[in-house]
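Here's a quick briefing to read alongside the model. Have the sequence and the 3D view open as you go.

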Amino acid sequence: MAINDALTDVAGLRVGHARVAGDRALTGTTVVLAPQGGVVAAVDVRGGGPATRETDALDPRNIVQRVDAVVLTGGSAYGLDSASGVVAWLEERRRGIRVGPGPDQVVPVVPAAGVFDLGRGGDWRIRPDAATGRAAVEAAARSASGAPVAEGGVGAGTGALVGPLKGGIGTASTVLDSGITVAALVVANAAGSAVDPLTGVLYGRYFSGRTEYPAPEVHVAAQLRLAELRERQGPAPLNTTLAVVATDAELSRPQAQKLAGTAHDGIARAVRPVHLLNDGDTVFALSTGGRPLTEGDPLALNEVLAAGADVVTRAIVRAVSAAKSVRGPGGTFFSYGELYGLD
């Protein structure tokens, strides 16, 4: 396992969070900042209701070769405005695609995706904007290389829910036998559930090899409280799980797109159901390119693909486990830890 068990274990990547201020606000933005020169990037969108920006630019058939940042945000389509603050910050530093002879003639391409958390703090009209995005990228830039990443109800995970439970940000990483690092950062905000209704175990823990089952009476009590909560909350909300999976393996753009696609398997292991019409499930893949894959082996990518799905699953478990209950004007959102006596 890498140093922090976090996305920042991929050397050069930094993560910053920002929260929208206010008693009736429960939303925010997270920025993944690439090192100088950018990273190879790709995306795979499988939810039926995505809120995205600049994802077409990542198609391997198109001209954009590298990006300098990725934005994950609350606020649904409104919150995509937070990417404008990141674009402005990058332009000031002359980072982006050179489109003219002058060093300041650049266009930063900043892919972004949003989760639905509108109104969860109590005010429908509060959502991240360009200032929130700028605060998040500044936080990323201030952080040290390889710094730990805050988890739970921070940044884009501030207002996140997984089914009726409080969701949030989670991250995980691994180092393969080859020395390649693969890592993920997830905003767990799904219409589906992360909890097995028969046992109370987080679905993702079944893949860890160390599953611990809650006492039956604890599980029954938790299910009763969740049933009451569902009755008060009404139908499943419009939700989305977002992920950034990254590696220091040297990947082509088509290989990065394959990584983004297989990483969705990690969401499917940890949340059921997924990729619904009221989800916007989106995975970005980033390659910093520090380590070449085994030369001459067309299957060398396989271990990176498998690890990408694994770290996404673990990141979702950590997001739900790190989340804390929220009680406010927008409602009461219980955490898994409180319901199962783990807090």
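Asp 248 and Arg 291 form a salt bridge, with their closest N and O atoms 3.6 Å apart. That pair ties together distant parts of the chain, since Asp 248 sits in strand 13 and Arg 291 in strand 14, 43 residues apart. Bear in mind that this is a predicted model.

**More on charged pairs**

- Arg 327 counts as exposed at 51% relative accessibility, and Glu 338 as partly exposed at 24%.
- Arg 93 pairs with Glu 92 in a salt bridge of 3.3 Å, N to O, and Arg 93 is partly exposed, with a relative accessible area of 39%.
- The count of salt bridges comes to 13.

**Nonpolar cores**

- The largest nonpolar core has 49 residues, and Val 182, Val 245, Leu 293, Val 304 and Ile 316 touch the most other members.
- Elements that each supply at least two residues of this core include strand 12 (181–188), strand 13 (242–249), strand 14 (282–291) and helix 5 (253–270).
- Helix 6 gives the most to this core, with 10 residues.
- Beyond its neighbours within four places in sequence, Val 245 is in contact with residues including Val 182, Leu 259, Val 283, Phe 284 and Val 311.
- A second, separate core holds 30 residues, among them Val 39, Ala 41, Ala 156 and Leu 242.

**A buried glycine**

- Gly 79 lies in helix 1 (residues 76–79) and is buried, at a relative accessible area of 0%.
- The C-alpha atoms of Gly 79 and Arg 127 are 5.8 Å apart, although 48 residues separate them along the chain.
- Setting aside neighbours within four places in sequence, Gly 79 is in contact with Thr 73, Gly 74, Arg 127 and Pro 128.

**A nonpolar patch on the surface**

- Ile 97, Val 99 and Val 107 make a nonpolar surface patch of about 230 Å².
- Val 99 is in the loop between strand 6 (97–98) and strand 7 (106–107), and counts as exposed at 57% relative accessibility.

Technical notes
Residues numbered from 1 in each chain as written. Predicted model: local features only at pLDDT ≥ 70, side-chain atom pairs only at ≥ 80, totals over all residues. Heavy atoms only, no water. Core = buried A, V, L, I, M, F, W, Y, C linked by side-chain atoms within 4.5 Å. Buried < 20%, exposed > 50% of the residue type's maximum accessible area, 1.4 Å probe, protein only. Helix = DSSP H or I, 4+ residues; strand = E, 2+ residues; numbered from the N terminus. Contact = heavy atoms within 4.5 Å. Patch = residues over 30% accessible without salt bridge, like charges linked within 9 Å, V, L, I, M, F, W, Y side chains within 5 Å. Areas by Shrake-Rupley, 256 points an atom, 1.4 Å probe, with all protein chains shown as cover. Salt bridge = Lys/Arg side-chain N within 4 Å of Asp/Glu carboxyl O.
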